[in-house]
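Here is a short briefing to read alongside the model. Keep the viewer open and follow the topics in turn.

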Amino acid sequence: MIKGQYEVPDIKNASIFTLVKSILDNYLKGENIKLLGISGAGGAGKTTFADNLTKFLGKENSIAVDLDDYLISRGERSRLEITGYNPRANKLSLARFNLEDLKKNKIVKKPRYDHSTGNVLPEEELNPNRIII
């Protein structure tokens, strides 16, 4: 059983938080780190939902990894004449390695991306946690 905050951060979606907690309570047997993926179209609210889910489950139990942070800079995408939807615009191999290392309970250095400027920011250190979103 997860011991977290359980204060629903987004009341209009309260039922999904309860459902996710129920699923995770049944799924989280033992000490293994679990990876929970969220998919959806651009602008659908994946990052907001992941952040709210982290608040709901508690930061002592979960971390959110935003795959937008693995984008190359807007300037580099322009130079390559590609959009952010092109796989070449993303450091997908690095994202995979970072997620694998987090699952192995290793600290990782991950890139950061600023949507407002389109620039890549300095890396940040990310500690593993029981649930990786």
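Contact here means heavy atoms within 4.5 Å. With that cut-off, the buried residues of α4 pack against β2, β3 (108-114), β4 (119-126) and β5 (131-132). Please bear in mind that this is a predicted model.

**Helix α4**
- Helix α4 covers residues 92-103, which is 12 residues. From first C-alpha to last it reaches 16 Å, close to the 16 Å expected at 1.5 Å a residue.
- Ala95, Asn98 and Leu102 are buried in α4. Seen down the helix axis, the buried residues fall within an arc of 65°, so they line one face of α4.
- Asn105 follows α4 and has a positive phi, near 70°.

**The β3–β4 hairpin**
- β3 and β4 pair in the antiparallel sense, over six bridges.
- Four residues lie between the two strands of this hairpin, and Gly118 takes a positive phi near 80° there.
- Lys110 stands opposite Glu124 in β4.

- You will find Asp69 in the loop between β2 (62-63) and α3 (74-80).
- Is Asp69 buried or exposed? Its relative accessible area is 11%, and buried means under 20%, so Asp69 counts as buried.
- Leaving aside neighbours within four places in sequence, Asp69 is in contact with Lys110, Pro111, Arg112, Tyr113 and Glu124.
- A polar atom of the Asp69 side chain lies 3.0 Å from the backbone nitrogen of Tyr113.

How values were computed. Residues are numbered from 1 along each chain as its sequence is written. Side-chain values use heavy atoms; hydrogens and water are left out. Buried means under 20% relative accessible area, exposed over 50%, partly exposed in between (1.4 Å probe, protein chains only). A polar contact is a pair of N or O atoms within 3.5 Å; within protein, one must be able to donate a hydrogen and the other to accept it, and residues adjacent in sequence count only if both atoms are side-chain atoms. The expected span of a helix is 1.5 Å times one less than its number of residues. The arc is that of the directions from the helix axis to the C-beta atoms. Two strands pair if DSSP finds at least two bridges between them.
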